[in-house]
Amino acid sequence: MEDVKPQLERALAEAIAILGVSDPEISIQEVPEDKPGDYGTPVAFTLARSLRRNPATIAQEITSRIELPPGIARVETSGPYINFVVDVASFVASVVESALEPSPHDKKVVIEHTSVNPNKEAHVGHLRNIVLGDACGRILQADGFEVEVQNYIDDTGRQAAESFFAVRYFGKDFDGAEKYDHWLGRLYVELQSAKESDAETIEQGVREVMHQLERGELREEVERVVHSQLQTSYQLGVEYDLLVWESDVVHSGFLKRGLEVLEQSPYVSHPQDGKYAGAMVMDVAEFIPGLEESTVVLVRSDGNAMYVAKDIGYQFWKAGIFEGLLYQPFDSQPSGKTLYTSSPRGETHPSGRTFAHGEEIVNVIDVRQSHPQTIVRTALALSGTEEGTKAYQSSQHLAYEVVTLEGRPMSGRKGITLSIDEVIEEAARRARAVVEEKNPGLSNIDRVAHQVGVGALRFGMLKSEARRIIDFRWEQALSLQGDSAPYVQYAHARACSILRAAQAQGLSADDPDWSQLGPLEVRLAQVITRLPGVVRTAAQELAPHIVAQYCLDLATAWNAYYNHKDAEGRYDTQVLKSQSGLREARLALVEKVKTTLATALSLLGIESPEEM
RNA sequence: GCGCCCGUAGCUCAGCCGGAUAGAGCGUUCGCCUCCGGAGCGAAAGGUCACAGGUUCGAAUCCUGUCGGGCGCACCA
C-alpha cells in the first residue's frame with residue numbers, strides 16, 4: 001500500500017470535481033490530539049469562496065460522495081473539516097513494511113564545506129560549518145542525489161603564510177608534544193603580538209613565505225596541517241571526497257580562463273584613468289541595486305587577481321565547464337573510503353573517477369561572506385555566456401550564522417577560540433561519566449561515550465535553523481537530556497533493549513495480528529511515516545534542523561507510547577506481556593521505530609548505540 | 001546611509017508556501033519504577049507571537065510601515 005496522503009488527495013480531488021471545481025489545492029494534515037480522525041483537511045474552506053456556499057455543507061457533501069481509498073476506514077466531518085479515520089490494521093502494517101527509498105534524481109551535487117585555513121586548529125565556529133555541510137550531504141544523498149564533498153584548501157592565503165613564517169621567526173621545531181595544527185595555531189597567535197614591536201621584519205618575511213606558497217614549495221608543510229585538521233573531522237564522523245588546493249586551481253589556469261569568459265561581458269572593463277586605472281573591473285549596479293559603490297575590482301592594478309576572480313574560476317570548474325585538475329589519493333579515511341586531492345602530480349581520472357561536473361553546487365560559507373558570494377554569482381550571470389548562466393543557476397550559498405563564545409565573537413587572531421578537539425574530548429568525558437553511572441557493566445564504554453558526546457555536539461549545532469546565531473555554552477552544547485541527541489539515542493537504545501529481551505525469550509515479529517492494534521499504535525505510526533517527507537523538505541531547503549526536529553518528535557512519540565497507562569494507571573503498551581498476535585505486531589512496530597530513529601540520526605551524522 | 005537576517009513563555013528554540021484551543025527543552029511546582037532501560041513519562045504554572053496598519057471566512061505565518069538587535073557594504077578574504 002502506498003502512502004495514505006496522496007491517496008486521500010486523489011480521492012478528494014475526484015469528489016470535488018463532481019462539485020464542479022477542478023484542480024483545487026488540497027492539504028492533508030494530521031488531526032490534532034483531541035479531534036476525531038487521523039488525517040484531515042480544511043479544503044472545504046477554500047471551496048466555500050468559489051462555490052459561494054457554507055463550508056460545513058460542502059464538507060458534508062464531499063464526505064457523502066467521496067470514495068474512500070483502501071486503508072481508510074471512514075470519513076466524518078468536524079464542522080468544516082473533513083477527517084479520515086484510518087483502518088488500524090492496514091495502516092500500521094503498511095507503515096511497518098514501508099521502506100525509505102529515495103527517488104533517484106540522477107543528479108550530482110557538489111557540496112563544499114569545512115575549508116578551514118591550513119594554519120591552525122579548527123574551532124567551534126568551524127564545527128558548525130563542518131557538521132552542517134556534512135549533514136546536508138547525507139540528507140541530499142538520502143533524497144537520491146549523487147553527492148561529492150569537497151574541502152577547499154586555501155594554501156596561498158595570508159593566514160597560512162603567517163603561521164609558517166612564525167615557525168621560522170621564533171626558530172621553533174615541532175616536537176610532537178601536541179597536535180601539529182594546535183602548535184601552529186599557537187605560533188600564529190604569538191606572531192600577532194610580535195607584530196607590535198617588529199612589524200616590518202615580519203611583514204617582509206610573511207611576503208616571502210606567501211611567494212613560496214604560491215610556487216608550491218611548502219606543500220609538505222601544508223599537507224601536514226591538513227592531515228592534522230582531518231583528524232578532527234574524522235573524530236566527528238565526517239569524511240570527504242576531494243581536497244581542492246587553491247594553488248592547484250591557480251596553476252591549472254582556471255583563473256585565467258574565468259577572466260577570459262568575463263572579458264566578453266559589456267559590464268567588464270579596463271579603465272585607463274581615474275580611481276581604477278590599470279585594474280580590471282566589473283559594474284554590478286544593474287544586478288545588485290542599492291550599492292554605494294557598484295564597481296568591483298577583479299584584477300588589481302598591480303596585476304594580482306582578487307579572490308572573487310579566483311572563485312569565479314573555481315565555480316566554473318565545479319560546474320564542469322573547465323577541466324584540467326589532476327588528482328591523487330591523499331588519505332585512507334576511517335570508513336575505508338579514499339580521500340583524493342588535487343595535485344600537480346596526479347592524473348585526470350584516478351581509479352576511473354570524475355570529479356566536479358556538479359549539476360547543483362552548494363557552498364557552505366558563513367553569512368558574513370554573503371556579499372562577496374553574491375558578487376561571485378553575479379559575475380557568472382553577467383558574463384552573458386551560456387557557461388556563466390549555467391554556473392550561476394546551479395550554485396547556491398548556504399549561509400549560516402556564526403557561533404559565539406559565551407556571547408562574544410570568536411577571534412582566531414586574538415586567540416579567543418575554543419578548539420573542536422578540546423570540545424570533543426570534554427563531551428566524551430562527560431558522556432562517559434553518565435554512562436558509567438547508568439550502565440556500569442557496559443563493555444565498549446569508551447566507544448559509546450564518544451558516540452553520545454559527539455552526537456550531543458553535532459545535534460546542538462543542527463537542531464535550530466542555520467540563520468540563527470549559536471552561543472556556545474558547555475551546559476547546553478553537552479546536554480544529555482531534553483532536546484538533545486542523547487535523548488533520541490536513549491529512545492533508540494530502549495527499543496533495542498526490548499528487541500533483545502524478545503530475542504532472549506525466543507520471540508519474533510512473525511505472525512503479527514495487526515487487527516489487535518489501536519489508536520496508540522496509529523499515532524506512533526503516523527510519526528514514523530513522516531520521515532520521507534521530512535527528508536525531501538530538508539533536502540530542498542538544505543535544512544538539517546528539520547530532520548533534527550523530526551528526531552525529537554519521533555523519540556517523544558515513542559517514549560510517550562512506551563510509558564502509556566490506561567485509565568486505572570496500569571501500563572497498557574507492554575510489548576512482551578501482550579497476548580500473542582498483538583505482541584508480534586507491537587514487536588514489529590518497535591523494530592520499525594528503532595530503524596527509523598537510527599536512520600534519522602544517521603542523516604545528521606549521529607550514531608545510534610544499541611546500549612548506552 | 002544602503003542592503004541582508006532576526007524579534008514567539010523567565011532563558012534557548014520549533015511552528016512561518018494561511019487553517020482546528022500557539023508547541024518543546026531548560027528552570028519552577030506536583031505526581032509516576034511490585035512495570036520490556038526514570039538519560040524517561042504525566043500534570044501544573046508561564047504567551048498583547050516586538051508594535052501599528054492592511055489582505056482574508058481565517059494571520060505567529062502573506063503585504064506595508066515603525067521600533068529594537070545582529071551582520072555586511074576595500075585594488076582583504
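## Basis of the model

Because the model is predicted, local features need pLDDT of at least 70 and side-chain atom pairs count only at pLDDT 80 or more, while totals for chains, interfaces and linings use all residues. Residues are numbered from 1 along each chain as its sequence is written, chains are lettered from A and ligands numbered from 1 in the order in which they are written, and side-chain values use heavy atoms, with hydrogens and water left out.

## The surface near the RNA

Of the atoms of RNA strand B that come within 4 Å of the protein, 61% belong to sugar and phosphate. By class, the surface near RNA strand B holds 25 nonpolar, 17 polar and 17 charged residues, where Ala, Val, Leu, Ile, Met, Phe, Trp, Tyr, Cys and Pro count as nonpolar, Asp, Glu, Lys and Arg as charged, and the others, Gly among them, as polar. The elements that each supply at least two residues of this surface are helix H2 (43-51), strand E4 (81-86), helix H12 (370-382), helix H14 (420-438), helix H17 (485-504) and helix H20 (544-562), and H17 gives the largest share, six residues. Helices (H or I, at least four residues) and strands (E, at least two) are DSSP runs, numbered from the N terminus.

## Two pockets

A pocket is found on a 1 Å grid over the protein atoms alone, as an open set of points with protein on both sides within 12 Å along at least five of seven lines, whereas a cavity is a set of points where a 1.4 Å probe fits but cannot get out; lining residues have an atom within 4 Å of a point. Grid points are joined across faces, edges and corners, and a volume is the space filled by probe spheres set on the points. The largest pocket has a volume of about 1,700 Å³, and among its 48 lining residues Asn-117, Asp-154, Gln-159, Tyr-307 and Gln-369 are the closest to its centre. Helix H7 (180-214) gives the most to this lining, with five residues, and the lining of the largest pocket comprises 16 nonpolar, 19 polar and 13 charged residues.

The second largest pocket has a volume of about 470 Å³; 22 residues line this pocket, and Glu-33, Pro-519, Val-522, Arg-523 and Gln-526 are the closest to its centre. Two or more residues of its lining come from each of E4, helix H18 (519-528) and H20, with H18 giving the most, seven residues. The classes in the lining of the second largest pocket are 13 nonpolar, four polar and five charged.

A search of the whole structure finds three cavities of 30 Å³ or more, and the largest cavity holds about 80 Å³ of space. Its lining includes Thr-114, Asn-151, Ile-153, Gln-229 and Ser-233, and the elements that give two or more residues to it are strand E6 (146-153) and helix H8 (219-235). H8 gives the most, with four residues, and the lining of the largest cavity has six nonpolar, five polar and no charged residues.

## Domains

The domain assignment of chain A, whose bounds come from an automatic or database domain assignment, gives domain 1 (4-86) and domain 2 (108-267 + 305-409). The centres of domain 1 and domain 2, taken over C-alpha atoms, are separated by 53 Å.

Conventions
Near = heavy atom within 4 Å.
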